[in-house]
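Subject: A structure for you to look at

Hi,

Here is the structure I promised to pass on. Please open it first, and then read my notes below.

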Amino acid sequence: MRIGVNSGSLPRHLHALERESPVEALVSAAAEFVALMERLDFEDFKVSIKSTNVPNTIASNRLLAARIPYPLHLGITEAGTKWSGSLKSAVGLGTLLADGIGDTIRISLSTFHAEEEVKVAWEILKALHLRERGPVLIACPTCGRLQFDMDTVVTEIERRLEAYEDPIEVAVLGCAVNGIGEAAHADFGITGAKNEGLVFSRGKPLRKVPQDQLVETLFAEIDKYVASKRIDVKDADAAEGARWLARIEAENAGELTPERIAAMEAAAAAAAEPAVPLDEAVSPVAGRRFTRT
Ligand code: SF4
């Protein structure tokens, strides 16, 4: 059984406290329901505190988790549209789940398609590595070096991946200038340059194809893997892909891409002596890439 409170329907005797401290009022209401259940000698329940306010949801669930030993159900009530509600839920529930708080979750979106709520819930759990289910798609943020229509391609890949259950990671890199090392952890990926593109797997080229065949070839490789649980590497194709990639990298060796700048900064930070530890108690600015002013 689920018991609990919603910020819109607190018991009347807590309204004064709610005006003073909404978080304390929510926690008090939930604690009162828990006490009632215990007086009835019934302990097979979980507790939820729901609010449309993300900070209040986080604070009240943290307080409640410290006060009661029962499982907690998390949700941001009336979170909003698919876009804004997903973000609010990810921030609120993600923060609590990352703290180890929460046993079940519900995403509440303004949509007639309830499956969208389930998809968002899974994405939150997958992002925190709390559950593995279905593919994970990663994609570069794009920049001026973008070599193909990422928006369309990523959207199509995301849609097609919904049909798969294997927990594979698929990467889409907007250009091959950085090589494919950035996505070396991905089970499969694509990148492109000058009307051509590369399908790669776990940091190694699989095959070079015309750019308009990238997505189909990617899914052909994924399908082979799903069926056989092994990556099908054809040596000649892989070697041709590696040569193509080496040529693209050589042609763009001097370019300062976002990834290369980040790598240079990381190398400079690692070489700096002594390393400045990040410690809020000592200084809120020392060691940060961007200082707080
Ligand atoms: S340089 Fe990086 S961010 Fe820019 S398109 Fe290439 S992979 Fe994407």
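A word on naming before anything else: helices (H or I, at least four residues) and strands (E, at least two) are DSSP runs, numbered from the N terminus. With that in hand, you can find K229 in the loop between α7 (214–228) and α8 (235–251). K229 is not a glycine, yet its phi is positive, near 60 degrees.

This is a predicted model, in which local features need pLDDT of at least 70 and side-chain atom pairs count only at pLDDT 80 or more, while totals for chains, interfaces and linings use all residues. Residues are numbered from 1 along each chain as its sequence is written, and side-chain values use heavy atoms, with hydrogens and water left out.

R202 is another residue with a positive phi, about 50 degrees, without being a glycine. Look for R202 in the loop between β8 (196–201) and β9 (204–210). R202 is partly exposed, because its relative accessibility is 39% (buried means under 20% relative accessible area, exposed over 50%, partly exposed in between, with a 1.4 Å probe and protein chains only).

Stepping back, the protein splits into domain 1 (2–127) and domain 2 (136–255), with bounds from an automatic or database domain assignment. Their C-alpha centres are 40 Å apart.

Now to a pair of helices. Helix α4 (residues 82–98) packs against helix α5 (residues 114–127) at an angle of about 35 degrees, and their axes are 10 Å apart. Axes here are lines fitted to C-alpha atoms, for helices over the stretch in contact, and angles run from 0 to 180 degrees between N-to-C directions. On the α4 side, the contact is made by K82, S86, S89, A90, G94 and L97, and on the α5 side by E116, V120, I124 and L125 (contact means heavy atoms within 4.5 Å).

Is V120 buried or exposed? V120 is buried, because its relative accessibility is 12%. This residue sits in helix α5 and, leaving aside neighbours within four places in sequence, touches S86, I107 and L109. From V120 to Q211 there are 91 residues in sequence and 31 Å in space, C-alpha to C-alpha.

Last, the cysteines. A search of the whole structure turns up 0 disulfides (pairs of cysteine sulfur atoms within 2.5 Å). C143 is partly exposed, with a relative accessible area of 31%, whereas C175 is buried at 9% relative accessibility.

Best wishes
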